[in-house]
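Colleague: Could you take me through this model step by step, and tell me how each answer is reached?

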Amino acid sequence: MLHTPPPSPPQSHIHFVRHGLSEANLSNKVNLHTADHAVPLAPEGHDQAYKAGKILANSILERDYPYTKVLMLVSPYKRTQQTAIALKKALYEAGFEPTWRECLQLREQSFGLFDGLDAEQLQEIYPRQYELYQKHKEFEGEFFAPMPMGESRARVCDRVRSVFGSMMRDFAGAGGIPATDIICVSHGVTIRCAIMEFLHWSWDWCEKEPNPANCAIKTISGAENRGWKLSETFSGFPHPRDHDHEVQEIREHGHVA
């Protein structure tokens, strides 16, 4: 007797989860001696990710649908990998068996020469590059300005867009059973760019939208040819440097990621 796969769900869900509190969130000086991809979670970040996983699992369980297939797309950076481990543990305890797939396109924006430096240091060490960057900011075009030896936010949008086709194939059941939920474990700037691109919003939305808090969950729900909408499943955990003046100045360059 041939097995008939379940039909495509009435709605598909993409959950964008920012990583938990990282060592760089506590002090950007970490980036002076540790490459960005190797920055780990702070101890508190592991617990945050587990709690966010519980919230996400409960949100999925609330749906009245006979089956659920969960796929995790995870940035290769250490802090996102560690976040995904804690998320997966919480999901497994709730009865889910998520499939894990590393996704290079979901890595954070590369800050290049600006990595780990505050505004005063940038002016002193890289005066010409800093001047060029400030010119873009003055005309509200920071979105288009590339970090020296790094990326602009526009370039992040270009690369993150390439993962959408794979998502649609997973939702359509290319692997045998249609996915109901795709969890993207990523970074602040990348999540903003991905939401903007998927919903076909203007670039200035990305500029005005702040980075989500640590372990915040932004969910896009819908179906192909039936429209998609954005909601917030969990607001996340604000980290202790959010209200520090110096950090706000650094964040304007995208460094708190």
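**Buried and exposed places**

Modeller: Let us begin with a single residue in this predicted model: Glu 151 counts as buried, because its relative accessibility is 11%.

Colleague: Where does Glu 151 lie, and which residues does Glu 151 touch beyond those up to four places away in sequence?

Modeller: Glu 151 is placed in the loop between α6, which covers 127-138, and α7, which covers 153-160. Leaving out residues up to four places away in sequence, the residues that Glu 151 touches are Arg 107, Glu 108, Gln 109, Ser 110, Ala 145, Pro 146, Val 156 and Arg 159.

Colleague: Is Asp 115 buried or exposed?

Modeller: Asp 115 sits in the loop that runs between β3 (99-102) and α5 (119-125). A residue counts as buried under 20% relative accessible area. Asp 115 has a relative accessibility of 19%, and therefore it counts as buried.

Colleague: How far apart are the C-alpha atoms of Asp 115 and Pro 148?

Modeller: Along the chain, Asp 115 and Pro 148 are 33 residues apart.

Colleague: What can be said of Val 30, and what is its C-alpha to C-alpha distance from Pro 40?

Modeller: Val 30 belongs to helix α2, residues 30-33, and it counts as buried because its relative accessibility is 14%. Not counting residues up to four places away in sequence, Val 30 touches Glu 23, Ala 24 and Val 39. Pro 40 is 10 residues from Val 30 in sequence, and the C-alpha to C-alpha distance between the two is 10.0 Å.

**Loops and positive phi**

Colleague: Which is buried and which is exposed, His 200 or Cys 215?

Modeller: Most residues other than glycine have a negative phi. His 200, in the loop between α9 (188-198) and α10 (203-208), has a positive phi near 60 degrees, and Cys 215, in the loop between α10 and β5 (217-223), has a positive phi near 65 degrees. With 72% relative accessibility His 200 counts as exposed, whereas Cys 215, with 0%, counts as buried.

Colleague: How does Trp 201 count by accessibility, and which residues does Trp 201 touch?

Modeller: Trp 201 is found in the loop between α9 and α10. At 37% relative accessibility, Trp 201 counts as partly exposed. If residues up to four places away in sequence are not counted, Trp 201 touches Ile 195, Met 196 and Leu 230.

**Helices and their partners**

Colleague: On which side or sides of α8 do its buried residues lie?

Modeller: Helix α8, residues 164-172, has Phe 164, Ser 166, Met 167, Asp 170 and Phe 171 as its buried residues. Around the axis these residues cover an arc of only 160 degrees, so they lie on the same side of α8.

Colleague: Which residue just after α8 takes a positive phi?

Modeller: The value of this phi is about 90 degrees. The residue that takes it, just after α8, is Gly 173.

Colleague: How is α3 oriented to α4, and which classes of residue make up their contact?

Modeller: The axes of α3 (residues 43-61) and α4 (residues 78-93) come within 7 Å and cross at roughly 40 degrees, which means that α3 is oblique to α4. The crossing of α3 and α4 is right-handed. Among the residues in contact are His 46, Ala 49 and Tyr 50 in α3, and Gln 82, Thr 83 and Ala 86 in α4. By class, the contact of α3 with α4 has 8 nonpolar, 4 polar and 3 charged residues.

Colleague: At what angle do the axes of α7 and α9 cross, and how do the residues of that contact divide by class?

Modeller: The axes of α7 and α9 come within 9 Å and cross at roughly 65 degrees, and α7 passes α9 in a right-handed crossing. The residues that meet include Val 156 and Cys 157 in α7, and Val 189 and Cys 193 in α9. The contact of α7 with α9 divides into 7 nonpolar, 1 polar and 4 charged residues.

Colleague: For the whole protein, what share of the residues counts as buried?

Modeller: The protein has 11 helices and 6 strands. Of its 257 residues, the share that counts as buried is 52%.

Methods. Residues are numbered from 1 along each chain as its sequence is written. This is a predicted model: local features need pLDDT of at least 70, side-chain atom pairs count only at pLDDT 80 or more; totals for chains, interfaces and linings use all residues. Side-chain values use heavy atoms; hydrogens and water are left out. Axes are lines fitted to C-alpha atoms, for helices over the stretch in contact, and angles run from 0 to 180 degrees between N-to-C directions. Helices (H or I, at least four residues) and strands (E, at least two) are DSSP runs, numbered from the N terminus. Angles under 35 degrees count as roughly parallel, over 145 as roughly antiparallel, 65 to 115 as roughly perpendicular and the rest as oblique. A crossing is left-handed if the near helix is turned anticlockwise from the far one by less than a right angle, and right-handed if clockwise. Contact means heavy atoms within 4.5 Å. Ala, Val, Leu, Ile, Met, Phe, Trp, Tyr, Cys and Pro count as nonpolar, Asp, Glu, Lys and Arg as charged, and the others, Gly among them, as polar. Buried means under 20% relative accessible area, exposed over 50%, partly exposed in between (1.4 Å probe, protein chains only). The arc is that of the directions from the helix axis to the C-beta atoms.
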